[in-house]
Amino acid sequence: MTTPLKDKHIILGVTGSIACYKAADLASKLTQAGALVDVILSESATRFIAPITFQSVTGRRAYVDADLWSGEGHVVHIGLGQAADLFVVAPITANTMAKLAHGEADTLLTVSALAADCPLLIAPAMDGGMFQHPATQANLETLKQRGAVVVGPAAGHLASGLKALGRMVEPFEILGHIRHLLAQDGPLTGRKVVVSAGGTQEALDPVRFIGNHSSGKQGFAIAQAALDLGAEVILVTAPVSLETPIGAARVDVTSAREMLDAVRAATDDADVLVMAAAVADFRPAQTAEQKIKKEKGVPSVELARNPDILLEVAKHKQKNGFPKVTVGFAAESENLRANAQAKLAKKNLDLIVANDISAQDAGFAVDTNRVVLLSAAGNQEELPLMSKAEVAAAVMLRVLQLLGDHHE
Ligand code: PMT
């Protein structure tokens, strides 16, 4: 599966902090995502970690200050800087932040940063007092005003033993910010995509609810795929235990009625709605204010019908034309195509993702899925078993085509 990191040239500057050990993990994660990572270590970084560590995980040369004065020395910084799609410094110390803010160029890392004309992302790591110092804050502000993306620092345990703001954020989070930054000029840039995910919960009393097995994995993967194409993403989610894809605006809801309100508000001017959520069709007609006691016998629960979110969206679309493209899902254990086809027509969708949940490796909660894409125009595309991320990328590719077909 390709991501916005594939074949991108990234310079990873590493400066002298105990967080250097995490930079090796970041270099590895970037490389695994398909990026070409050239590491430049500052002199003090080499006191914490050796260039060979980075060379081993990136499969490429890691540079140190001595390379500035080597045979190719007078051009190495220009070459590195010009080839880069992104310049990352993680961890960045207060000292290197000060140098970059003032345009100093006395090391291979700082001279390369000055020579590069690509975006800059920094992940500060230092003791809390150093971070809060007015000089550091002023340097940070200068860098931000010049367009640098600043990730962190996080609060927590510091090498000094203190708990304060100063920890470098975790590599997976930096990776998410890099992924988001590199997706900025994608084919969905300027488009608003609303995605729903998870299973709604319908309260019986303060402790019990009617729910389903949706984990949110498929919906969150759709949100990530839309972000990878450069879209602005609103992720309306029922309760799930998943990290929000970096760059998505998350709206937490619990019940179907709350999801309806959130989806309606978000789709008023949206280009796309993808409803991957498993929405409860019924809710308890009454929610008990206090916990239902078993001593009172077995209660009988009367159900009331929930609104159909896609039907409500379709009504609105008829009036104002938004969202331009609507995609539904249909989890089916039998008659997959026929049942999905009926939902496609009834809910006035442009595309439905017919989700075969008859096997253990597809549908609810697992990491893989098996789907058929059915379009309103009559096209059918059966996809083999694949990861939910791959399904998401395939769905968003169809969405791109549908947006192209949608004359504005
Ligand atoms: O979350 P995971 O564990 O990754 O699992 C993914 C999934 C199986 C939940 C997902 O891939 C999926 O298939 N979602 C749709 C579940 C379903 O069967 O929905 P449905 O057939 O009840 O509804 C059809 C469509 O109408 C869906 O897009 C649904 O979001 C929407 N709907 C349903 C009911 C309702 N009241 N309002 C709606 O808008």
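Helices (H or I, at least four residues) and strands (E, at least two) are DSSP runs, numbered from the N terminus. With that settled, here are my notes.

**Entry 1: ground rules.** I am working with a predicted model, in which local features need pLDDT of at least 70 and side-chain atom pairs count only at pLDDT 80 or more, while totals for chains, interfaces and linings use all residues. Residues are numbered from 1 along each chain as its sequence is written, and side-chain values use heavy atoms, with hydrogens and water left out.

Entry 2: The side chain of Ser-215 has an N or O atom 2.6 Å from a ligand oxygen. For Met-275 it is a backbone N or O atom, at 2.8 Å from a ligand oxygen. The side chain of Lys-347 places an N or O atom 2.9 Å from an oxygen of the ligand. The protein covers 96% of the 780 Å² of accessible area that the ligand has on its own (Shrake-Rupley method, 1.4 Å probe).

**Entry 3: the largest pocket.** Where does the ligand sit? I find the ligand in the largest pocket (more than half of its atoms lie within 2 Å of the grid points). A pocket is an open set of points on a 1 Å grid where a 1.4 Å probe fits, with protein on both sides within 12 Å along at least five of seven lines; lining residues have an atom within 4 Å of a point. This pocket's volume is about 800 Å³. Its lining has 38 residues, with Ala-277, Ala-278, Val-279, Phe-329 and Ala-331 nearest the centre. H10, H12, E17, helix H13 (336–346) and strand E18 (351–356) each supply at least two lining residues; E17 has the largest share, four.

**Entry 4: the second largest pocket.** I noted a volume of about 670 Å³ here. Of its 21 lining residues, Arg-179, Phe-220, Gln-224, Glu-243 and Pro-245 are closest to the centre. H10 supplies the largest share of this lining, six residues.

Key:
Polar contact = N/O pair within 3.5 Å; in protein donor to acceptor, adjacent residues only side chain to side chain. Points joined across faces, edges and corners; volume = space filled by probe spheres on them.
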